[in-house]
Amino acid sequence: MTQTTEAAISLGEKGLTLPVSNRSAYFNYYWLRDNDPTSFNADTRERSFDIFHLAEAPVAKSASVEGDALVIDWANEDHITRMPLAWLDAYADGTRRPDPADLPRRPWYGDHYPNVARFTHTEVMSDPTKRRAWLEAMIVEGLAVIKDMPDSDEGLTELARVMGQVRPTFFGDYFDVKTHINPTNTAYTASALELHTDTPAEEHAPGIQLLHMRANTVEGGRNLFGDGVAAANDYREIDPEGFRLLAETDVPFFCEHDDYDMRSWQRIIELDQHGEVSGLTFSQHMLDLMDLPQEFLDDWYPAFCRFGKLLQDDKYIMRFTLQAGECIVFDNHRIVHGRAGYTASSGDRYIRGCYTDRAEMRSTYRALVSEGRFKR
Ligand SMILES: [Fe+2]
């Protein structure tokens with residue numbers, strides 16, 4: 001940190017300028033007053049200062065550097081702010097606060113199955129190091145397998161709660177995938193299930209999906225998993241204009257039966273704050289009638305088909321049989337999943353599933369790896 005002198009600080013009408021780490025940096029007075037360390041309650045760790053009730057706009061009467069803090073005496077208020085220079089350095093460029101959970105994604109391909117991150121149920125329940133490694137794999141690769149699951153409903157609930165809360169969808173807290181006599185969903189038949197992300201018709205589809213294989217003795221029914229990030233990154237290179245259409249156009253998804261009619265608009269390819277591919281919303285069986293201008297569809301449909309074909313290529317798809325006692329946990333906005341058809345009369349196949357939330361998973365990860373802003 002560069003030592004700053006009082007003479008180097010320039011007070012303006014709406015903010016002040018001072019050298020921070022060898023650069024001149026400007027800070028708005030509202031920002032300086034609102035983010036004064038004393039604005040936050042150390043117990044609740046929330047802001048307790050109320051900027052709406054300042055009598056007048058904040059203006060510095062004087063400012064100087066004392067030790068490792070900028071000290072401001074405010075003109076219209078009996079208050080002194082001591083702002084750590086380290087904070088000023090971190091926020092000088094208007095970039096997002098460093099996030100330990102914002103890890104680069106590692107795309108994977110169809111040959112990834114032997115390298116999938118694997119942990120036992122006991123490990124992630126009891127060992128914080130394993131738990132951290134599991135969540136890191138979820139953020140970086142979007143998928144992991146938990147082995148040696150208890151053969152109970154509670155085992156899945158316990159596992160989900162390591163990351164966050166069980167996140168209900170419009171069909172409840174949990175779902176059971178087995179053949180149903182009157183199916184309301186392709187998953188509840190023995191038919192093949194094409195690659196998809198779940199519940200695209202929800203306004204905010206759940207971010208993490210857990211599928212606990214409780215029984216699997218049928219012939220067929222191999223599991224298919226593919227990394228949407230890997231496929232979409234490649235598609236971006238091959239067909240930039242098609243990529244742009246799929247990443248910028250909201251398209252309709254639906255889920256309708258006797259007593260529900262869910263609808264939402266989503267982009268097929270999802271980008272993060274860096275402009276990098278962060279995931280997909282993808283489901284042929286729940287894509288609604290495309291109520292977009294027909295001329296626009298002259299371009300959109302070929303792009304959708306080119307990308308859909310690419311995504312189904314063997315290059316991207318792992319094919320394996322999830323065994324009873326295993327739970328696959330994956331990012332429902334990134335990983336597409338499907339299933340080959342199976343012979344229902346050949347044995348039992350039962351998956352119990354639920355969801356939790358991407359944001360809660362990242363929150364748990366941050367709490368494991370960092371001390372946040374309120375280090376004591
Ligand atoms: Fe699914």
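**Two helices in contact**

Pro128, Arg131, Arg132, Leu135, Glu136, Met138 and Ile139 of H4 meet Met361, Arg362, Thr364, Tyr365, Leu368 and Val369 of H9. Contact here means C-beta atoms, placed from the backbone, within 7 Å. By class, the contact has eight nonpolar, one polar and four charged residues. Asp, Glu, Lys and Arg count as charged; Ala, Val, Leu, Ile, Met, Phe, Trp, Tyr, Cys and Pro as nonpolar; the others, Gly among them, as polar.

This is a predicted model: local features need pLDDT of at least 70, side-chain atom pairs count only at pLDDT 80 or more, and totals for chains, interfaces and linings use all residues. Residues are numbered from 1 along each chain as its sequence is written.

The axes of H4 (residues 128-140) and H9 (residues 358-369) come within 10 Å and cross at roughly 135°. H4 is therefore oblique to H9 (under 35 degrees is roughly parallel, over 145 roughly antiparallel, 65 to 115 roughly perpendicular, the rest oblique).

Now the loops. Arg45 is not a glycine, yet has a positive phi of about 60°. Arg45 sits in the loop between helix H1 (29-34) and strand S4 (60-66). Arg45 counts as exposed because it has 10 C-beta neighbours inside 10 Å. The cut-offs are 12 or fewer for exposed, 20 or more for buried, and partly exposed in between.

Asp148, also not a glycine, has a positive phi of about 55°. Its loop lies between strand S8 (143-147) and helix H5 (153-163). With 13 other C-beta atoms within 10 Å, Asp148 is partly exposed.

Finally, the domain assignment gives domain 1 (6-91) and domain 2 (113-368). Their centres, taken over C-alpha atoms, are 46 Å apart.

Definitions and conventions. Axes fitted to C-alpha atoms, helices over the stretch in contact; angles between N-to-C directions. Helix = DSSP H or I, 4+ residues; strand = E, 2+ residues; numbered from the N terminus. Domains from an automatic or database assignment.
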